[in-house]
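Subject: Structure handover

Hello,

Here is the structure you asked to look through. My notes on what was found follow below it.

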Amino acid sequence: MASSHSRPFASIAPNPAHAATLPKPSLLPRRTKQSSACTGCKARKTKCSGTHPCEKCTLGGRECIFPAGLDRRRKYAQRRVEQELEGVHRLLDLIIEVFEAGDSAQLKALMTSAKEDRAREIALFDRRTPSILEESGSQSQGSRSSLVPGDDVMPSDDEEDTKRHHSALSSGSSTSVGSLKEVNTLTEDPNRNEGSRATGYIGKESEIAWMQKLEAEASKLDRSEAQEKRPSRVEEPIVSMSYHLDNLRIVDSVPVDPKFLPPKAWAARLVNIFFNSADHFFPLINRSLFYSQFDRAFSPSGSEPTNKWLAVLNLALAIGARHYQLAEPEAGKDVDDGIFLSRALSLNQTHTLAMEHSDLHQVQMDLLLAIYYLISGQVNRPWQITGRATRSAISLGLNLRTLSDQIDPVSKETRIRLWWSIFAIEHILSSMTGRSPCVDHHAISAFPPIPFCEAHFDEPEAEKLLSDALLREGRLSWAIYASDADLESRSQWLKGIEPTPALFFFHFVDLLIITHAAVKAIYTLSKDRDTGQAEIPLYQKRLQTWLAHLQEPFAFTDQENSPKVARDSREQVSLAMAYYSAQIILSRPCLTRPDMKEGTNIRFPRSRFGNDTAKTCVHSAVALISILPDDPDTRWLLRMTPWWCVLHFIMQAETVLLIQLAIGQVPVEDDGHGKRRNTGGLYTHADPGAVLQGAKKGVRWLHAMSNQDASAARAFRITEKFLRRIAAAKGLDLEGVPMSADDGGQDSGQALSASHPWGMPPRADGVNWGPDGTVSEGGSELHQDTPFALDPIFLSGDDGHGGRE
């Protein structure tokens, strides 16, 4: 601890005992030149003399304006004062901590260090005072800044303009993706080839974009000191960091009778699997109604179901089959989900969507298809399909509060749950891709779903909520809008409600709305860094409010807000993962290296808020990984987690831990009692060993998942290589970390990008049939005769079984 206190702390005011030696304010020179160009010279891009008025404006007879806010020396002085104030606060915190601990020796060392620092500051000021007086009225050449050790001469106007231009073209610090300093820009062409189009644009709140910047950080660690001054290599394409399977083409429809039904026993089993595995998170189908329709469809005397109902059934069967294949790898080989998908697509008649208006069945089909593609390792296709489902739902008014007497109460609730299912998957997909959601929480007036399952709709309390809009509005409110009194009243009322999947869904959506609002407020393009960071504490508080009002069966933290998850409770595990994921997204912008002045070695230290928020990000990642059992068990993963996006949650946490290992430990500041200050985040110690152990545990889980999931296999290869590169540079122990087989291969998209940096190679006839001069999209047609299977690990193909029909 002594070493951490040996660094001198800057002071913000002179010692009163030496106040008499200070020059009088009237004796201080007045600066006659500005340090930035006037607005007219900047607009004309000409050299400004810095005088007021400047020479160019005087000759031209124009008004000369120097914006005070753009004066660089004032900015430098302000930053210096901010850093000095931070140093004083840090010293004061350490003195209080040591004093309360009763460590007199350490307290004496701190006081000695502070006195020596003050003496140096006073001596430096005394030496500078005569020269300041002698230079009164003269121009200062080579003014310097000492924000941190390693001063740099302030650049001239021309140099500053040049560096500002290059700074605008660069992406900032190597880990700045996700930081609010970096504006969302397009650094590569998503339309250049099939691989890039499959991945699409990836925004800065996605863990894929974080890994792209982590690659640059790892490259710095790979280079030796002799190579450090060389320019870093070109940023890796985003497709190389994507672990999703969007580049695999969907197989064409299998020639089957679209209205053929499988044996009822098998169909009933797969439908049950669908409801048990997906209905908790997406109650988009009225289960009671669907089961009655299911019985009629398989009844010999029943009426023939409609094509759209059959499409919904086949999509539910396809999702159930995918879950069965993952849960039972051997027995699952006899079930081909591709047949159910082909029937659903044939019945859906997607080629007529542009000519037909949407209805509720179409919204259900689109949402189910998006879920199917998502659990198949894809993210770009489900994001596009969910956007279509969202617009269809909005055209049907599902996002609005329904007061019409033309719709019965149960149907209203069915539509409400369908809408919030759309909102849930739209939010998850937006966080996975980093793209702007097509839903704004301000444009939603739909009621919250009632915390009763359909089987209990005939209970008196449920009937009252379904029929009385005012009672429902008073009982159920979202945490983001409700007052403390409203939330307390809600919590008291919910204590009398039996914990059910419906109550879980209510809390789940309540959390997603807060996260959605936070992302919209913090990561929006219109926010600058300071404004965005100012929003973080507000949403941290709202997340804490949500956590404090969870019903006891769903609560997953102890009194210190440390994770205490019952691993046999799917509700606790799922809510905990979603909560820590939200904390990671919210606090990720602060987990960066301290800012450095472009073109200099001046580095500005993090503020106390930045340190606290960065620690919250790391703590949340450690907490999320800690939910997983120490011994990987993929069957537990399917039973107890949101299996359709658990890989995304794990990769979020794993990427944050790798970034932390790469950039170094965030400084730890306690409250003097061994506890972390209340900053709206987590209140646990920052343990560097826990970060490494969490990263190793995450890689082990990805390795176990890779045996049955091709997207997890990609994720494992990417993270395992990152971990080994960082460990080699930092000297970390990787005992127990499995190794990936290095095939040395390269995705087709990467190979094309390397050989043809402006897109696809030209066609043999030399004619460009594309929409612009950059890329010929017709090149993709050359490969359409050799489609890839959606997932060769799981699809059984034409094995003669075809789902035991």
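The largest cavity holds about 330 Å³ of space. Its lining has 22 residues, and Trp643, Val646, Leu647, Met705 and Asp709 are the closest to the centre. A search of the whole structure gives nine cavities of 30 Å³ or more. A cavity here is a set of points, on a 1 Å grid over the protein atoms alone, where a 1.4 Å probe fits but cannot get out; lining residues have an atom within 4 Å of a point. Grid points are joined across faces, edges and corners, and a volume is the space filled by probe spheres set on the points.

Please keep in mind that this is a predicted model, in which local features need pLDDT of at least 70 and side-chain atom pairs count only at pLDDT 80 or more, while totals for chains, interfaces and linings use all residues. Residues are numbered from 1 along each chain as its sequence is written, and side-chain values use heavy atoms, with hydrogens and water left out.

At least two lining residues of the largest cavity come from each of α11 (307-327), α13 (360-375), α23 (634-640) and α24 (646-663). Helices are DSSP runs of H or I with at least four residues, strands are runs of E with at least two, and both are numbered from the N terminus. By class, 13 residues of this lining are nonpolar, seven polar and two charged.

**Annotated domain and cysteines**

The unreviewed UniProt entry places "domain: Zn(2)-C6 fungal-type" at residues 37-66. UniProt positions are in the numbering used here, feature names are shortened, and annotations may be inferred rather than shown by experiment. The span is 40% helix and 0% strand, and its end C-alpha atoms lie 7 Å apart.

How many disulfides does the structure hold? The count is zero, with a disulfide taken as a pair of cysteine sulfur atoms within 2.5 Å. For Cys41, the closest cysteine sulfur is in Cys38 at 3.5 Å, too far for a bond. Cys590 has its closest cysteine sulfur in Cys617, at 8.8 Å, which is also too far for a bond. Cys41 is buried at 0% relative accessible area, and Cys590 is buried at 4%; buried means under 20%, exposed over 50% and partly exposed in between, with a 1.4 Å probe and protein chains only.

**Helices and loops**

Helix α26 (residues 710-730) has 21 residues and reaches 30 Å from first to last C-alpha, close to the 30 Å expected at 1.5 Å a residue. The expected span is 1.5 Å times one less than the number of residues. Just after α26, Gly731 has a positive phi of about 70 degrees.

Asn561 also has a positive phi, about 65 degrees, although it is not a glycine. Most residues other than glycine have a negative phi. Asn561 sits in the loop between α20 (529-548) and α21 (570-587) and is buried, at 14% relative accessible area.

Leu538 lies in helix α20 and is partly exposed, at 36%. Thr390, in helix α14 (residues 380-395), is buried at 0%. Thr390 and Leu367 are 23 residues apart in sequence, and their C-alpha atoms are 8.8 Å apart.

Regards

Technical notes:
On a 1 Å grid over the protein atoms alone, a cavity is a set of points where a 1.4 Å probe fits but cannot get out, and a pocket is an open set with protein on both sides within 12 Å along at least five of seven lines; lining residues have an atom within 4 Å of a point. Ala, Val, Leu, Ile, Met, Phe, Trp, Tyr, Cys and Pro count as nonpolar, Asp, Glu, Lys and Arg as charged, and the others, Gly among them, as polar.
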